[in-house]
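Subject: Structure handover

Hello,

Here is the structure I said I would pass on.

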Amino acid sequence: MMAEAGAGGPRLAELLALGRRLWEELEASTEPSSGAPAVQDKVRQGLDALQRAAAMVTQLELFSENEELEEIASADLKFMLLPALLGALTLKQVDLSRRREHLESAREHFLHFLKLCRNYGLSSFQLPPGTSSEEEARSSPAPRDPSQPNLVAMAMSRSAKIERYKQKKELENKLASMSSSVESGTADEDQIREFYVLQIQKWIGTSLEEIESIDQELVILKSRDAARQAPAGPRGPPRPARTPVKPFILTRDAAQARVFGAGYPGLPTMTVDDWYEQRRKQGIVSQQAFGEPGSPPCPSSSAGTSDEEMQKQQKETEEEEDDEEALRKARDWDDWKDTHPRGYGNRHNMG
């Protein structure tokens, strides 16, 4: 198998190196938007290189379910990272109309990588829920009531996350100390093998985290799609639009409306006669309510009093009321002085 990999080695190694380099550049990019043309161009180039490399790995049959990790050549171990890198680059696509498709595709890539690593015993971990494999079905617990929270599972999940975080930091430190010798070509085969195994173990933790995040986003997207496709409930006929009624102030007559107005600008006024005329035109008040020609005159019109006479009467009434009020106040003041001597209530200067 080493010879087969060597035959197509240079081209395959170049494709993997290109895809990985583009992914690292995207991770370290300071571009403000992930949807920028330059960013998405790198994403497409990286996906193209990695997909071609993955097709070559499949054609060469570098990995098999019937072999052990020791049977894989040290130089070929790095190609096990292809599915994980494909998943990571797939997530960097920003086409919102195909977001669900990209999430599901990335999940398949990460899951493929995890199954491959589990098959070779590279790490001890549990595959994410929803994995359709007989092995995962055998290791899964018995069905339980979904309405009850599984506190044990939640505690185990939290502990697993903490443990993965610690392992990730340890792996990053080891890889940083070994990368210079491997990249310079001074490392021996054992060091190269350990370096690639550590990289694979690091990506195992990354893949588990990415799948968990993908599953959470898929739940949101599926709920949104279901809400959009849900049929609208039965609705009654629409209510007719109601014409807004303008406020107004009723006045005794036209003269009073001209003199006093409404009290503040912009508010229309109308007399009682105008208001009744408006209501009669609307059919709300009968015509006899305020006297048509030939009908008995209403009490208000029988008096025959002109506007000037009404104003004069009103003025006289107001003057009489003012005189009576002034007289009453004067009498009350005299009565009060009779019962209260001067200085009553002033206690500021008492000895």
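In this predicted model, 28 residues line the second largest pocket, and those lying nearest its centre are Arg20, Trp23, Glu24, Gln199 and Trp203. The space in this pocket comes to about 840 Å³. Sorted by class, the lining residues are 13 nonpolar, twelve charged and three polar.

Helix α8 also takes part in a helix pair, with α5 (residues 99-119) as its partner; their axes cross at roughly 150° and come within 9 Å of each other. Angles over 145 degrees count as roughly antiparallel, and the pair α5 and α8 is therefore roughly antiparallel. The crossing in which α5 passes α8 is left-handed. In the contact of α5 with α8 there are 15 nonpolar residues, nine charged and one polar.

Helix α5 packs against α4 as well. Here the angle is about 160° and the axes are 7 Å apart, so α4 and α5 are roughly antiparallel to each other. Their crossing is left-handed. On the α4 side the contact is made by Pro83, Ala84, Leu86, Gly87, Ala88 and Thr90, which meet His102, Ser105, Ala106, His109, Phe110, His112 and Phe113 of α5. By class, seven of the residues in this contact are nonpolar and six are polar, with no charged ones.

The remaining pair is α3 with α4. Helix α3 covers residues 37-60 and helix α4 residues 82-90; they pack at about 155°, with 10 Å between their axes. This pair, too, is therefore roughly antiparallel, and α3 passes α4 in a left-handed crossing. From α3, the residues Val43, Gly46, Leu47, Leu50, Gln51, Ala53, Ala54 and Val57 meet Leu82, Leu85, Leu86, Leu89 and Thr90 of α4. The contact of α3 with α4 divides into ten nonpolar residues and three polar ones, and no charged residue is part of it.

Regards

How values were computed. Residues numbered from 1 in each chain as written. Predicted model: local features only at pLDDT ≥ 70, side-chain atom pairs only at ≥ 80, totals over all residues. Heavy atoms only, no water. Axes fitted to C-alpha atoms, helices over the stretch in contact; angles between N-to-C directions. Helix = DSSP H or I, 4+ residues; strand = E, 2+ residues; numbered from the N terminus. Parallel < 35°, antiparallel > 145°, perpendicular 65-115°, else oblique. Left-handed = near helix turned anticlockwise from the far one by under 90°. Contact = heavy atoms within 4.5 Å. Nonpolar A, V, L, I, M, F, W, Y, C, P; charged D, E, K, R; others polar. 1 Å grid on protein atoms, 1.4 Å probe; cavity = no way out; pocket = protein on both sides within 12 Å on 5 of 7 lines; lining within 4 Å. Points joined across faces, edges and corners; volume = space filled by probe spheres on them.
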